[in-house]
Every structure is written in structure tokens, then in C-alpha cells.
Amino acid sequence: MSTTDVQINDASVKNIDMKLEVVVIPVSDVDRAKGFYGSLGWRLDVTPPSVVQFTPHGSGCSVQFGTNLTSAAPGSGKAYLIVSDIEAARNALVAAGVEVGEFFHIGPEGRVSGLDPERGSYRSRASFSDPDGNNWVLQEITTRLPGRVEAAATSFASASDLASAMRRAEIAHGEHEKRTGEADPNWPDWYAHYMVAEQAGTDLPR
């Protein structure tokens with residue numbers, strides 16, 4: 001039996017929290033990579049002298065690079081950066097001097113140029129690379145697929161992340177009030193239910 005055929009049935013193992021903390025990326029020039037990732041506005045963390053670690057704003061996972069940290073070829077890394085507004089994210093990166101590719105989305109037939117016409121969650125993307133060629137894909141996610149996030153564990157990684165969610169709830173609530181034809185005095189509750197459902201991928205309130 002191969003390792004891919006093994007099914008874990010032990011509940012004690014399934015219930016152990018394992019939070020992804022660090023991803024190591026291969027670079028050929030540590031100082032050059034340090035300058036690039038610093039230009040993205042990512043936080044430079046305190047580490048041992050042989051390790052450089054950056055953490056993107058709002059991320060619970062960091063990236064590391066340094067001398068002899070990995071045997072992978074420089075430029076072979078690829079990872080996704082999740083954003084709630086891909087246009088704002090791309091504009092900010094371009095303003096910082098980063099070369100970012102044009103928007104594209106995934107349609108029924110595969111990759112298509114431009115933003116997803118309906119701005120569906122998971123669909124709109126853009127990518128950029130560091131000086132070594134390690135590729136970073138920006139992916140716009142506003143509503144998670146069902147089961148990806150537990151409703152009881154709803155959280156927001158940053159103030160800007162929370163603000164974006166509130167703006168989306170505000171727009172949806174405006175449509176809700178149009179449908180009902182009256183002001184909703186319990187809008188805080190409606191906002192809360194909307195934001196939790198959006199993260200958990202469950203039915204959104206109407």
C-alpha cells in the first residue's frame with residue numbers, strides 16, 4: 001500500500017491543530033531577495049543570522065530564505081497570495097515598482113484574459129515573480145467554498161481585511177433593504193450573519 005492509499009481514522013490525529021507557519025523559497029542571492037520582499041511591504045521578522053523571514057500583511061504564514069535552507073533550484077517556488085480586492089492589490093504592487101502580469105480568470109475552457117465578469121470568488125488572478133523567478137499568484141477570494149472555514153472560527157487577519165468584508169456586507173445589505181422596502185434597524189446582526197456565512201461558504205442572508 002502506498003502512502004497515498006493510507007486513510008487516517010484516528011480521531012486524535014485528525015483533531016490536532018497543525019497551522020502552516022513557514023514556507024521556504026529557493027533564492028540565489030539572499031540580499032537581493034531581501035530587498036525585493038522588503039519592497040512589498042512585508043514584515044521582516046527577527047530570525048537567526050542565517051535565515052531571512054518575511055510575513056505578508058494579514059498572513060498567518062511566513063516565507064523564509066537563506067543560505068543552504070533548501071536544495072530546490074532558485075526560481076522553482078510557486079505560491080498563492082489571497083486578496084479580497086485584486087484590483088487594489090495589483091495597483092499597490094505596481095505603485096511599489098513590482099512588475100505584475102495582467103488580470104486573468106479561470107473560465108469553463110481554462111485561462112481567459114481579464115477579470116472574471118461576475119467577480120466570482122476564486123476566479124480572478126494576476127501573478128508576479130521575485131528576481132529569481134519564484135512565482136506568486138494573486139487570487140481574489142471573498143466567499144470561501146463550503147467546508148473550507150468553520151463558521152465557529154470566523155476571524156479576520158487584519159483591519160483592512162475586516163473593512164473589506166464590512167464593505168461587501170454593506171452593499172449586500174443595501175440590496176436587502178431594497179427588497180424589503182424598509183430600513184433594517186437590526187443591520188448589525190445582518191452584517192454579522194453575512195460576514196460569517198461569506199467566510200464559511202454557507203448560504204448568504206437575503
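Predicted model: local features only at pLDDT ≥ 70, side-chain atom pairs only at ≥ 80, totals over all residues.

Biologist: What makes up the secondary structure of the chain, and which pattern does it follow?

Modeller: The chain contains 5 helices and 9 strands. Along the sequence the pattern reads α-β-α-β-β-β-β-α-β-β-β-β-α-α. The C-alpha atoms occupy a box of roughly 65 × 50 × 40 Å along the principal axes, and buried residues make up 34% of the 206 residues.

Biologist: Why is Val 98 called buried?

Modeller: The relative accessible area of Val 98 is 6%. Buried means under 20%, so Val 98, at 6%, is buried. Val 98 lies in the loop between helix H3 (86–95) and E6.

Biologist: Which residues are in contact with Val 98, leaving aside its neighbours within four places in sequence?

Modeller: They are Phe 36, Leu 40, Leu 93 and Phe 128. Contact means heavy atoms within 4.5 Å, so each of these residues has a heavy atom within that distance of one in Val 98. As for His 173, 75 residues away along the chain, its C-alpha atom is separated from that of Val 98 by 36 Å.

Biologist: How many bridges join E2 to E3?

Modeller: There are 2 bridges, and the strands run antiparallel. At least two are required, so E2 and E3 count as a pair. Leu 44 is opposite Phe 54 in E3, and a hairpin of 6 residues joins E2 to E3.

Biologist: What makes E3 a covered strand on both faces?

Modeller: In a regular strand the side chains alternate between the two faces of the sheet. On one side of E3 are Val 51, Gln 53 and Thr 55, on the other Val 52 and Phe 54, and all are buried. This gives 5 buried residues out of 5 in E3.

Biologist: Which strands does E8 pair with, and over how many bridges?

Modeller: Strand E6 (residues 104–107) and strand E8 (residues 124–129) share 2 antiparallel bridges, with His 105 opposite Ser 124 in E8. E8 is also joined to strand E9 (residues 135–140) by 5 bridges, again antiparallel. The bridge partner of Ser 129 is Asn 135 in E9. The hairpin of E8 and E9 has 5 residues between its strands, and Gly 133 there takes a positive phi near 105°.

Biologist: How is the reach of helix H4 set against the expected value?

Modeller: Helix H4 (residues 159–180) has 22 residues and reaches 31 Å from its first C-alpha to its last, close to the 32 Å expected at 1.5 Å a residue. H5, with 14 residues, reaches 20 Å, close to an expected 20 Å. After H4 comes Gly 181, with a positive phi near 75°; just after H5, Gly 201 has a positive phi of about 75°.

Biologist: Which residues of H4 are buried, and against what do they pack?

Modeller: The buried residues of H4 are Ser 164, Ala 165, Arg 168, Ala 169, Ala 172, His 173 and His 176. An α-helix has 3.6 residues a turn, so residues three or four places apart point the same way. The buried residues of H4 pack against helix H5 (187–200). In turn, H4 is included in what covers the buried residues of H5, among them Trp 190, Tyr 191, Tyr 194 and Met 195.

Technical notes:
Residues numbered from 1 in each chain as written. Heavy atoms only, no water. Helix = DSSP H or I, 4+ residues; strand = E, 2+ residues; numbered from the N terminus. Buried < 20%, exposed > 50% of the residue type's maximum accessible area, 1.4 Å probe, protein only. Expected span 1.5 Å × (residues − 1).
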